[in-house]
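Have a look at it first, then read on.

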Amino acid sequence: MNTNIETQLIPSPVNPSLYKDAIRIGQQVLVEQGSKAAAAMEIFKILKDESREVVLQAFIEGANITPKGSPTYFYNVTRKLRKQKVVV
């Protein structure tokens, strides 16, 4: 069985236009601030109601985070927002 990342199905966002906006804003933040963490934070704020898999894919596309690094960014972003009481 081939479990390569490229052969797995890409998750489908509930709101594709919002997903595209999040990718665009993430790329813009990455260029302006040069920080993958800042880009991931903005992407997550936009896509907080999407599934974890959709957010991870958005991190990869919009913040140039590797597939193996995206869960770490997801954990760090949610942890930081939980401390700020933004995410419950």
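## Starting at I43

I43 is buried, with a relative accessible area of 0%; buried means under 20% relative accessible area, with a 1.4 Å probe and protein chains only. You'll find I43 in helix α2, residues 36–47 (helices are DSSP runs of H or I, at least four residues, numbered from the N terminus).

Leaving out residues up to four places away in sequence, I43 touches A22, G26, A58, F59, G62 and A63, where contact means heavy atoms within 4.5 Å. The C-alpha atoms of I43 and I23 are separated by 6.9 Å, though the two are 20 residues apart along the chain.

## How the model was handled

This is a predicted model: local features need pLDDT of at least 70 and side-chain atom pairs count only at pLDDT 80 or more, while totals for chains, interfaces and linings use all residues. Residues are numbered from 1 along each chain as its sequence is written, and side-chain values use heavy atoms, with hydrogens and water left out.

## The whole protein

The protein has four helices and zero strands. Of its 88 residues, 34% count as buried.

## E50, a charge without a partner

E50 sits in the loop between α2 and α3 (52–62). E50 is buried yet has no salt bridge, and the nearest side chain of opposite charge, K48, is 11 Å away. A salt bridge here needs a side-chain nitrogen of Lys or Arg within 4 Å of a carboxyl oxygen of Asp or Glu.

What does the side chain of E50 have beside it? One of its polar atoms lies 2.9 Å from the backbone nitrogen of V14, and the backbone nitrogen of N15 lies 3.2 Å from a polar atom of that side chain.

Notes
Helix = DSSP H or I, 4+ residues; strand = E, 2+ residues; numbered from the N terminus. Buried < 20%, exposed > 50% of the residue type's maximum accessible area, 1.4 Å probe, protein only. Lys, Arg positive; Asp, Glu negative; His and termini not counted. Polar contact = N/O pair within 3.5 Å; in protein donor to acceptor, adjacent residues only side chain to side chain.
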